[in-house]
Amino acid sequence: VQDQFCIGAFWLTFPMDKDADKRFAEIAEANFTVVYGPVDGFSVEAVKRHLALCQKHGLKAIAHCRAPVAQWPDGPACWGYRLWDEPPAKMFGDLAKKLAEVRKLRPGRLGDINLYPDYAKPHQMGVETYEEYVSLFLKTVDVDVLCMDHYPIFKPQQDSRDRYCKNLETMRKFSLQKGIPFWNYFNTMPFGPHTDPTESQIRWQIYTSIAYGAKGVNYFNYGTPLTFEFPKGGGILRRDGTRTRHWHQAKRINGAIKNLGPTLMQLTNTGMYRVEPKDDPAKVLKGCPITNLKRATVDPLPDYLIGTFKHADGRRAVM
């Protein structure tokens, strides 16, 4: 059972050398709450170091180990284990078996599986539609958290924020149906057609996820991998281990999210409302706790995304 909001640091690229302790202190200083493996390899010893450093610095770990499950290290900092990233439908049966094995041998630990985004092709997913993909996954694999990655493009001639919202709506719908939280990965760095996001664009991705009811957001990436996909560099850390501007941005944004976290964990999303400049806000907001949006002549036209929530104590909330 998830007990705190997840702010995930994914894909570390620094070695576990004499400076590893300082590196994990730096992750904690930037207000992350969870560190994903692998951390300097998939061995049992590497996972033990990962868990020990997380425990020392007040972080949680989702470890990645390639030994038999019975050998997977455990400890107070361990939230769970990464099982697969972007599986096609043909793998769902095997993943269900792997998750059952994890639950038997490591009870109480998360079996972490991340799904494709809704712009994946049918041949990647193994089914014709994204709704079918997510629905079949949940029917086959009894996960505790639903998760996907989606990286919107922020360009005047290619703006995919609407599709990002559509993907979050799918996660919202299925997570509410199954009664489990959902998380998502978002973009922090330039690669392929993606520009290097501004602080506002990073903040927009996170708060949009939260408005849809997400209980976790994962930065892609913390480090800058030395692979062909990332010739432009620019993760939260550079390849030489120095901080980019994104480290300072993450510290500011994550600090606010950590403060909101205890409240966010008590909220269940009850509705989404999109008020575009062409809309009459009062009509769109019918049934929403916010009944209207009014503007002065000098104000811009209304352009809002509003999530509504019910608190565990019965109160309502809006974002």
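Over the ring of which residue does the charged end of Arg161 sit? The ring is that of Trp204, and the charged end of Arg161 lies 5.7 Å from its centre. A charge is taken to sit over a ring if NZ of Lys or CZ of Arg is within 6 Å of the ring centre and within 35 degrees of the ring normal. The charged end of Arg66 is likewise placed over the ring of Phe42, 3.5 Å from its centre.

The model is a predicted one, in which local features need pLDDT of at least 70 and side-chain atom pairs count only at pLDDT 80 or more, while totals for chains, interfaces and linings use all residues. Residues are numbered from 1 along each chain as its sequence is written, and side-chain values use heavy atoms, with hydrogens and water left out.

A pair of aromatic rings is described by the distance of the centres and the angle of the planes. Rings of Phe, Tyr and Trp (its six-membered ring) pair if their centres lie within 6.5 Å; planes under 30 degrees apart count as stacked, over 60 as edge-to-face and the rest as tilted. The structure holds 24 aromatic pairs. In one of them, the ring centres of Phe10 and Tyr185 are 5.2 Å apart and the planes stand at 80 degrees, so this pair is edge-to-face. Phe10 lies in the loop between strand 1 and helix 1, whereas Tyr185 belongs to strand 9 (residues 182-187), so the pair ties together parts 175 residues apart in sequence. Helices (H or I, at least four residues) and strands (E, at least two) are DSSP runs, numbered from the N terminus. Phe10 counts as buried because its relative accessibility is 11%; Tyr185, at 2%, counts as buried too. Here buried means under 20% relative accessible area, exposed over 50%, and partly exposed in between (1.4 Å probe, protein chains only).

The rings of Phe14 and Phe24 form another edge-to-face pair, because their centres are 6.0 Å apart and their planes at 85 degrees. Phe14 is in the loop between strand 1 and helix 1, and Phe24, 10 residues apart from it, is in helix 1. Both Phe14 and Phe24 are buried.

Phe24 also belongs to the largest nonpolar core, which has 78 residues; Phe24, Phe32, Leu146, Tyr219 and Tyr222 have the most contacts inside it. Such a core is a set of buried Ala, Val, Leu, Ile, Met, Phe, Trp, Tyr and Cys residues joined through side-chain atoms within 4.5 Å. A second, separate core of 16 residues includes Phe10, Cys147, Met189 and Phe191.

Helix 1 also contains Lys22, which counts as exposed because its relative accessibility is 60%. From C-alpha to C-alpha, Lys22 and His57 are 9.9 Å apart in space and 35 residues apart in sequence.

Helix 8 (residues 245-264) has 20 residues and should span 28 Å at 1.5 Å a residue; its end C-alpha atoms are 27 Å apart, which agrees. The expected span is 1.5 Å times one less than the number of residues. At Lys258 the helix bends by about 30 degrees, and Pro262 follows within four residues; the bend is the angle between axes fitted to the seven residues ending there and the seven starting there. Among the buried residues of helix 8 are His246, Trp247, Ile253 and Leu264.
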